[in-house]
Each structure stands twice: as C-alpha cells, then as structure tokens.
Amino acid sequence: MRRVYTNRRAHHEYELLERFEAGISLTGSEVKSVRAGGVDFRDAFARLTNGNIELEGLYIPTYTEATYNNHEPRRTRRLLLHREEIGKLRRALEQKGLTLVPTRLYQKGRVFKVELALARGKKLHDKRRAEAEKTLRRELREL
C-alpha cells in the first residue's frame, strides 16, 4: 500500500498559488523509514541555494533496523527539478512575500516525489474568511 503524507498545516497557513512536482534525494535508511511511516512536515520549507532547491526541516525518523549508516532526522535534502523549473521558481521567489512550502510526499513508481507549492502567507483576516467559507459550505451540504 502506498502512503501519501500531506502537510495539512500548509493549507491553513498559506495561500497556495502554484504547485510543482520534484524528486527528492534520499539515502537508503531514509527510504525504509518513509515506507515504515512517521514523516513530519511541521517545520519544513524549501530554499534556493547555489542554483539548487533544498528541503529543510522535514522530519524523517531514524530507521531502527539500520546500522551505523543511519541518517540525521532533519538533514537538508536536495530536490530534483528541471533547470527551467528552478529558473521559474527563482524569479517567483524574488517577489516579496512568496515562499516554497512542501505540501505532499508520495511514492510514484519506485521513487519518492515531493509536491512543492509557491505560497503567500495568510493574514489573520484571511484565515477567518476561509474558516467562514468552510463552515458555510458544510452547512449547505447538510441541507
């Protein structure tokens, strides 16, 4: 059974503008740990450094069956994107107030993919409006 890990908090904290699919560079113990479960997006974000997109703060627990080759749970992981996509993200990130947020981690075939979203942080009144719309939709559905 394939697991899909979602960052539910990103939908609440950010207005998601555009989504990108990126491969993620993982070590062997990380792959086994992701398959076992327990991925946490709580402090995860992506950053553009030296022409590469890197994912920071993603928590992948250490694999208990691994030997001395185990990994650091919150290490920086490289994301694999095409050069054109990196250029598009670079231009978008130069705008004030935009950030890259991981929204999903899933397996596609034999490899793991991360869905990144170009996002703008929500203000408090935006969160209240979104919550009001959500309750209105729920009430209409009940009728």
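Start by selecting N50: this residue is exposed, with a relative accessible area of 80%. You'll find N50 in the loop between β3 and β4. Check its backbone while you're there: phi of N50 is near 55°, a positive value in a residue other than glycine. For background, most residues other than glycine have a negative phi. Keep in mind throughout that you're looking at a predicted model.

**Zoom out**

Now show the whole protein chain as a cartoon. There are 4 helices and 7 strands to pick out. Trace the chain along the sequence and you'll pass them in the pattern β-α-β-α-β-β-β-α-β-β-α. The C-alpha trace spans about 55 × 40 × 25 Å along its principal axes. Of the 143 residues in the chain, 35% are buried.

**Stop at H71**

Next, select H71, in the loop between β4 (52-56) and β5 (77-80). Is H71 buried or exposed? Buried: its relative accessibility is 7%, and the cut-off for buried is under 20%. Show side chains here and look for two polar contacts. The side chain of H71 makes one with the side chain of S29, at 2.8 Å, and another with the side chain of N70, at 3.4 Å. Leaving aside residues up to four places away in sequence, H71 touches T27, S29, E30, S33, I60, P61, T62, Y63 and R77.

**Along helix α3**

Move on to residues 83-93, which form helix α3. Which residues of this helix are buried? Select I86, G87, L89 and A92. Then bring up the strands around them: the buried residues of α3 pack against β2 (14-24), β3 (45-49), β4, β6 (98-108) and β7 (111-121).

**Rings and a charge**

Stay for a look at Y106. R104 lies over the face of Y106, 4.5 Å from the ring centre.

**Last stop: the largest pocket**

Finish with the largest pocket, which has a volume of about 160 Å³. To see its lining, select N7, R9, A10, E13, Y14, F41, R42, A44, F45, T99, L100 and V101. Colour by element of secondary structure, and look for α1 (8-13) and β6, the elements that give two or more residues to this lining.

Key. Residues are numbered from 1 along each chain as its sequence is written. This is a predicted model: local features need pLDDT of at least 70, side-chain atom pairs count only at pLDDT 80 or more; totals for chains, interfaces and linings use all residues. Side-chain values use heavy atoms; hydrogens and water are left out. Buried means under 20% relative accessible area, exposed over 50%, partly exposed in between (1.4 Å probe, protein chains only). A polar contact is a pair of N or O atoms within 3.5 Å; within protein, one must be able to donate a hydrogen and the other to accept it, and residues adjacent in sequence count only if both atoms are side-chain atoms. Contact means heavy atoms within 4.5 Å. A charge sits over a ring if NZ of Lys or CZ of Arg is within 6 Å of the ring centre and within 35 degrees of the ring normal. On a 1 Å grid over the protein atoms alone, a cavity is a set of points where a 1.4 Å probe fits but cannot get out, and a pocket is an open set with protein on both sides within 12 Å along at least five of seven lines; lining residues have an atom within 4 Å of a point. Grid points are joined across faces, edges and corners, and a volume is the space filled by probe spheres set on the points.
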